[in-house]
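Biologist: I would like to go through this model feature by feature, and to hear for each one how it should be read. Could we begin with the overall fold and then move on to the details?

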Amino acid sequence: MSSKKEQHSDAARNMWETTNDDYEKFRPAHDEAGVRVLLEHLGLVDNVNHKNGTPPADDVIRNNGATPTYDVLEVGAGTGKCTRVIKDILGENARIVVLDPVSGMLQQLKAMVPGVDVLVGFCESIPLPDNSVKAVVSSQSFHFYANESALREIHRVLIPGGKFGINFTADDEDSPLIHEVLELIREYKYPECPDHFVNPLLDTSWKNCFDAAPLFTPLEEHLFPWENQQTLPDAESVVKLFMTYSAIAREPDVRKECAERMLELLTTDPAIKQNGNPLEIPRMSALYCDLWSLVEASPLCSAAAVI
Ligand SMILES: C[S@@+](CC[C@H](N)C(=O)[O-])C[C@H]1O[C@@H](n2cnc3c(N)ncnc32)[C@H](O)[C@@H]1O
């Protein structure tokens, strides 16, 4: 990671130490259908029946007779927006562990998703042994650690034959409301903040790290509409949602100005103001699947992603 990017990411993490309430309250729930498709590609659905600690036979075969400690590691799990969907889909018996560097976000996660193991740390240094997880999921966070160190760590903790999946959702800029608000965010974002922090579907340069570290088979992209779009009751709530975006993790006076301009935009622009009616936040999903992690002299592991 360059020092400039690190500074930006530090600012975002600092912001989320204190604004995790708004993150949990205003960020949307994840699309169950998209997460299910991702988990199916990762080979987890119908394969986590570990009652009494008995692993499925294919775990043992793929991992040379040893048993992975976890079915899934979710990196950059935040407040657990995706974790709770993973848990609902895989069921109570799934062995889930999450990792995030921001303890404030993880406090929210512990309250919202009890029963998963929680680790504080960075994806660039995962505090788990080699070959200890069947699959790794990155949800709405891969841009923070789209670098070779993180990919090597993900590869290291995966069992041979394990898979990695990336899940993003992106605001749909065909919507006049979204377009205007994201343009404002671009105006206020850190100069060194990459554009894919604002919209990872428009700027996909986060994918470049896979070329630097050829540990996985090529990422396959699947775009699909997200059915459960978010509706917020008023313009103030829309401002609170967008002010959780990391691109504008800036000094308090800059954030205040940005929030005021956003509220003015939402309440006065004739193209987007709703005259007090609820405002809809349309989004897009994309699925990147069948990215297999390559293991020398071993069967293929794999990785997948949903935006
Ligand atoms: C936009 S939030 C996504 C949270 C959650 N996965 C979700 O779907 O809502 C990005 C998360 O990535 C985490 N993060 C930032 N840098 C990281 C790193 N280097 N390694 C792991 N996680 C990181 C942040 O702390 C934050 O919780």
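Modeller: In this predicted model, the chain has ten helices and ten strands.

Biologist: Of the contacts between residues at least 6 apart in sequence, what percentage joins residues at least 24 apart?

Modeller: Among those contacts in the chain, 76% join residues at least 24 apart. As for burial, 46% of the 307 residues of the chain count as buried.

Biologist: Where does Ala-94 lie, and why does Ala-94 count as buried?

Modeller: Ala-94 has its place in the loop between α4 (83-90) and β2 (96-100). Burial is judged here by counting C-beta neighbours, with 20 or more within 10 Å as the cut-off, and Ala-94 counts as buried because it has 21 C-beta neighbours inside 10 Å. Ala-94 also lies 6.4 Å from Asp-71, C-alpha to C-alpha, although the two are 23 residues apart in sequence.

Biologist: Which residues of helix α2 are buried?

Modeller: In helix α2, which covers residues 32-41, the buried residues are Gly-34, Val-35, Val-37, Leu-38, Leu-39 and His-41. Just after α2 comes Gly-43, whose phi is positive, at about 75°.

Biologist: How should I read a pair of packed helices, and what does the pair α7 and α10 show?

Modeller: Two packed helices are described by the angle between their axes together with the distance between those axes. Here the axes of helix α7 (residues 176-188) and helix α10 (residues 252-268) come within 10 Å and cross at roughly 160°. Because angles over 145 degrees count as roughly antiparallel, this crossing makes α7 roughly antiparallel to α10. The crossing in which α7 passes α10 is right-handed.

Biologist: Which residues of α7 and α10 meet?

Modeller: From α7, Glu-180, Val-181, Leu-184 and Tyr-188 meet Val-254, Cys-258, Arg-261, Met-262 and Leu-265 of α10. By class, the residues of this contact between α7 and α10 divide into seven nonpolar, no polar and two charged.

Biologist: Finally, which residues come nearest to the ligand, and which helix gives the most to the shell around the ligand?

Modeller: Of the 22 residues around the ligand, Gly-76, Gly-78, Lys-81, Ser-141 and Phe-144 come nearest. Helix α1, residues 3-26, gives the most to this shell, contributing three residues. Sorted by class, the shell around the ligand holds eleven nonpolar, six polar and five charged residues.

Notes. Residues are numbered from 1 along each chain as its sequence is written. This is a predicted model: local features need pLDDT of at least 70, side-chain atom pairs count only at pLDDT 80 or more; totals for chains, interfaces and linings use all residues. A residue is near a molecule or strand if its C-beta atom, placed from the backbone, lies within 6 Å of it. Helices (H or I, at least four residues) and strands (E, at least two) are DSSP runs, numbered from the N terminus. Ala, Val, Leu, Ile, Met, Phe, Trp, Tyr, Cys and Pro count as nonpolar, Asp, Glu, Lys and Arg as charged, and the others, Gly among them, as polar. A residue is buried if 20 or more other C-beta atoms lie within 10 Å of its own, exposed if 12 or fewer, and partly exposed in between; C-beta atoms are placed from the backbone. Two residues are in contact if their C-beta atoms, placed from the backbone, lie within 7 Å. Axes are lines fitted to C-alpha atoms, for helices over the stretch in contact, and angles run from 0 to 180 degrees between N-to-C directions. Angles under 35 degrees count as roughly parallel, over 145 as roughly antiparallel, 65 to 115 as roughly perpendicular and the rest as oblique. A crossing is left-handed if the near helix is turned anticlockwise from the far one by less than a right angle, and right-handed if clockwise.
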